[in-house]
Amino acid sequence: MFVALTVYGVSVTVAGQNVAWVLFACGGSVGMAVVVSEIVGACRHNSLMSSTNLRERPVASAAVVVRAALTELTRAVDTLQRESLDSLDDHEMLAVFRDLETQRRRLPTVDHRLITELECRCTGRKLLSRGTPGLLTELLHVDVAEAKARVRAAGVLGPRTALTGEPLDPVHPATAAAQAAGTISEKHARVVTGTIGRLPHSLDEDTVGSAEQSLVNQAQGLRPSELIKVAERLTAYLDPDGQLSDDTDRAARRALNIGRQRADGMSPITGLLDPATRAFDRGCTRPGCDIPAQWTQVHHLDEYQYGGRTDIHRMCLVCTFDHRLITEHGFTVRMGANGRVQWIAPKHLDPTQTPRINTFHHPPDLSDPDPP
Ligand SMILES: [Zn+2]
């Protein structure tokens with residue numbers, strides 16, 4: 001949350017804690033607050049220490065650098081719009097597309113900085129007597145819902161400053177870092193921050209941090225719609241009673257929890273699979289696929305037609321649609337050390353050849369924040 005204020009205050013130390021009496025003013029409202037220790041969300045425009053602590057801002061040169069960067073970006077896009085693609089082979093085309101997507105995914109983090117700055121300056125109030133979402137709808141002609149979503153995203157993913165002027169991590173640091181690197185999209189980020197934001201407050205910080213990191217890691221190999229399902233499973237695992245979820249959340253979770261597999265490992269597919277197979281896979285093993293076991297087929301990890309073993313532990317469940325990825329499109333599957341089936345996309349789709357597992361049908365393993 002942002003505290004967009006003009007602040008006048010005094011700061012003293014009481015019992016080892018910084019306590020500040022603050023008079024604040026923003027957009028016509030004036031108030032008084034007692035601030036203990038560091039309060040996050042302030043910006044350098046209203047830093048308590050702004051008069052003494054703030055380094056001299058090289059205003060003119062920064063403005064020149066920012067304008068020059070935009071000119072460069074414009075030129076780069078111009079080039080990509082015009083340059084002939086004829087000489088690129090298929091693999092080069094895919095690489096260009098991947099790299100373009102990375103840059104596209106990074107751009108919202110620039111929004112976060114700009115919005116944070118606008119919030120700090122109370123620009124919307126000054127120019128339009130409106131909040132920042134109102135300013136964005138006028139400036140960019142985006143819908144109110146979109147403007148609000150962007151401001152919310154900046155609030156949890158944008159930079160923060162303590163009242164003392166110190167820079168602080170974003171509220172959701174792992175998500176912010178992945179978006180800055182371009183490995184997850186804006187939609188992925190909204191799924192993660194929305195999920196983490198709805199987790200029960202009683203959960204400890206480490207668990208919440210691990211849950212965020214786990215979702216961010218999985219987001220890099222899943223579509224947002226697939227990530228939503230994984231996130232629902234994670235929420236159900238961390239908050240099995242759903243005490244803090246409202247009716248809408250519960251309805252959505254019911255619809256998404258195909259098979260109603262519970263955190264205690266109980267499986268809804270009793271009677272459709274033998275016990276050995278049930279213990280093995282509870283649905284299609286392709287990462288992100290939520291097809292339950294009754295709609296899958298058995299795939300032999302060894303080429304059994306060439307003499308491979310038919311041992312149950314050398315088989316996995318795959319839905320018909322995803323089976324074609326293996327037989328026709330170069331995806332490989334193998335058994336991981338932990339007994340979970342790993343999928344590897346062909347090199348032209350995933351040059352890093354990262355093995356990925358389906359976490360949808362299993363309770364999430366938060367002890368491993370970086371699942372394969
Ligand atoms: Zn599948």
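**Notebook: cores, helices and a hairpin in a predicted model**

I began with alanine 219, which, neighbours within four places in sequence set aside, is in contact with Ile184, His188, Val192 and Leu227. I counted two residues as in contact if their C-beta atoms, placed from the backbone, lie within 7 Å.

I noted the basis of the entries. The model is predicted, so local features need pLDDT of at least 70 and side-chain atom pairs count only at pLDDT 80 or more, while totals for chains, interfaces and linings use all residues. Residues are numbered from 1 along each chain as its sequence is written.

**Overall chain**

I found 13 helices and 9 strands in the protein chain. Helices (H or I, at least four residues) and strands (E, at least two) are DSSP runs, numbered from the N terminus. Of the 372 residues, 28% are buried. A residue is buried if 20 or more other C-beta atoms lie within 10 Å of its own, exposed if 12 or fewer, and partly exposed in between, with C-beta atoms placed from the backbone. Among contacts with a separation of 6 or more, 54% join residues 24 or more positions apart.

**Cores**

I then looked up the nonpolar cores, each a set of buried Ala, Val, Leu, Ile, Met, Phe, Trp, Tyr and Cys residues joined through C-beta atoms within 7 Å. Which members of the largest core touch the most other members? They are Val192, Leu215, Val216, Ala219 and Leu227, out of 28 residues. At least two residues each come from H3 (90-121), H5 (132-140), H6 (144-157), H7 (173-181), H8 (186-198), H9 (205-219) and H10 (224-238). H6 supplies the largest share of this core, with 6 residues. Another core, of 12 residues, lies apart from it and includes Cys284, Ala293, Met315 and Trp343.

Ala174, Thr175 and Ala178 in H7 meet Glu212, Gln213 and Val216 in H9.

I checked the length of H10: at 1.5 Å a residue its 15 residues should span 21 Å, and its end C-alpha atoms are 20 Å apart, which agrees. The expected span is 1.5 Å times one less than the number of residues. The buried residues of H10 include Glu226, Leu227, Val230 and Leu234. Serine 225 is also placed in H10, but this serine is exposed, with 12 other C-beta atoms within 10 Å. Serine 225 lies 8.8 Å from glycine 288, C-alpha to C-alpha, although 63 residues separate them in sequence.

Threonine 332 has isoleucine 344 as its bridge partner, and arginine 334 has glutamine 342. The hairpin has 5 residues between its strands, and glycine 339 in the turn has a positive phi of about 80°.

**Positive phi outside glycine**

I noted serine 129, not a glycine, with a positive phi of about 55°. Serine 129 sits in the loop between H4 (123-128) and H5 and is exposed, with 10 other C-beta atoms within 10 Å. Glutamine 353 also has a positive phi of about 55°; it is found in the segment after S9.

Key
Pairing = 2+ DSSP bridges.
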